[in-house]
Amino acid sequence: MSFSLKRVYAIFNKDIKDLFKNMFVLSTVLTPILLAFLFSQSEPIPVGLHYFIINLIFVMTTVYVQGAIIAEEKEKNTLRGLMMSPATTTEIMTGKSGLSALLTIVTLVVCMRITGYEFVNVPAIFLAFFMSFILYLAMGTLLGLLTRTVMEASLVLMPLLFVFGMGTLLLEFIADYPSLAFLEYLPNFQLQFLAEAVDAGQAFTDVTGYLIVIAAWMVLLCILTVVVYRKRAVDGK
Amino acid sequence: MDNILSVKALKQVFSKETAIDNMNFEVKRGEIFGFLGPSGAGKTTTIKILTGQLHPTSGSALLFDVPSTKVNHPKYLKKIGVMTDNSGLYSRLSVYDNLHLYCELYSVENKRKRIDEVLEMVNLIDAKSKVVSKLSKGMLQRVTLARALLHEPELLFLDEPTAALDPANSRHIHHGLQELNRKGTTIFLTTHDMQEAELLCHRVAFLNNGKVQLLDEPSKIRRKYSDDTLTVELVGGEKRTLINGPEGAQKMYEYMLNNQVVTMHSNEPTLGDIFVDVTGRSLL
């Protein structure tokens, strides 16, 4: 299977040009930055609050931007054009993920600078961030592939935002209803628990359980995305 | 000529509704093949199957001797150009940016030159810098056609390429397609414009209710369905219909001997008339 960086860059470059004329997507990315500004007024910021913003970035920037640009490609029938070109599934998906990756990194860096978050146990946190990014990217791709329009993608994002982006609020809810404890295995909580554990001084080996759960989510969502993409490629729509 | 495309017993069913039923035909390398039928006859579904966008319920379609279900591979996609009615262009980008993206995807060399060439071919060179969202329906159709031509495909699928165009632009496109075909591109053209089919196609297939009901060269079809008569306009405006044969020949001889003939023409039906005869349906 060939892989052309030129084709990947062409798709990425097209998305960048398109982004600057798409205020709808651009304004969504600003929400976590505004929240980071608000939270930065209270000091000290607990780890849980840092991860409230970080998880929000993953949902609003990674999931939403990825979902919106793919849903728009479907809405305007441009994804079919890409699928009918010699670009492979890997090239299309890599190219289309470039913009979400760039915006996620920029938003994460800006928000962390604003709130003053500092990494403890860099390897564990970086690995968890990387896997979280991949899993949310896959979630965004799925969101785009399973919805027909940008508006529909925005609507479907709401429950995702509540479950994956408002984790801190949900944790309090889980504390009142122990039967919902299984929700703690959601990747956003696992990321937060991992960060709290390393902040309390635990080593890499102590947090591998959290990393394994996040990795499982990543693999599951990636497989689902590939299956749905391949199905969409021959559905004639 | 060898076959570039071969369809055998093709069937497509969408939730109990049969869109294509036992379809059989071949397209020879280097020809312009017309696929004629009214809306809903199964033209677009057939293109989707042939280009690997849809897997058929049963039967087979071979392109370049490869099943259409396997054609979704860069090696074959490079040889195919597809233009469908649904534009699929990036509306916030310019015509040039849209075409440039596809030049990159198809690894087209001399991108600027090639973009200019295809825009000339579709009579749209002046709109190169225009944003796609500002284009009319006909212009969008021409940009989509230009995009399908960028990589000089061996086999070009065109779904009603002149449906939204005025006569002048249609003529321009027809000329471009004939030129392209002369250079070796095989064209699979769906249309419900019978004049377009007569002008461009080497062979045509009549499609109705998902079945090919007639397939041949347009001139042969017309001859086959001709009523074997001739209309002669005489001096004074009188028109006479003569039947092909000794009696008609004698009459004609007399008219000509007396210098009475102003015009004469054979009474061949149009493809449109024949389509209605064969399928019982009009083309619109």
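Colleague: In which helix do A:Tyr9 and A:Phe12 both lie, and how many residues apart are they?

Modeller: Both lie in helix α1 (residues 5-19) of chain A, three residues apart, about one turn of the helix. Helices (H or I, at least four residues) and strands (E, at least two) are DSSP runs, numbered from the N terminus. This is a predicted model: local features need pLDDT of at least 70, side-chain atom pairs count only at pLDDT 80 or more, and totals for chains, interfaces and linings use all residues. Residues are numbered from 1 along each chain as its sequence is written, and side-chain values use heavy atoms, without hydrogens and water.

Colleague: Why is the aromatic pair of A:Tyr9 and A:Phe12 called tilted?

Modeller: Rings of Phe, Tyr and Trp (its six-membered ring) pair if their centres lie within 6.5 Å; planes under 30 degrees apart count as stacked, over 60 as edge-to-face and the rest as tilted. Here the centres are 6.4 Å apart and the planes at 50°, hence a tilted pair.

Colleague: What makes the pair of B:Phe25 and B:Phe33 stacked?

Modeller: Their planes stand at 15°, with the centres 5.3 Å apart, so the pair is stacked.

Colleague: Why is strand β7 of chain B described as largely enclosed by the rest of the structure?

Modeller: Buried means under 20% relative accessible area, exposed over 50%, partly exposed in between (1.4 Å probe, protein chains only). Five of the five residues of β7(B) (residues 155-159) are buried, so the strand is largely enclosed.

Methods
Chains lettered and ligands numbered in written order.
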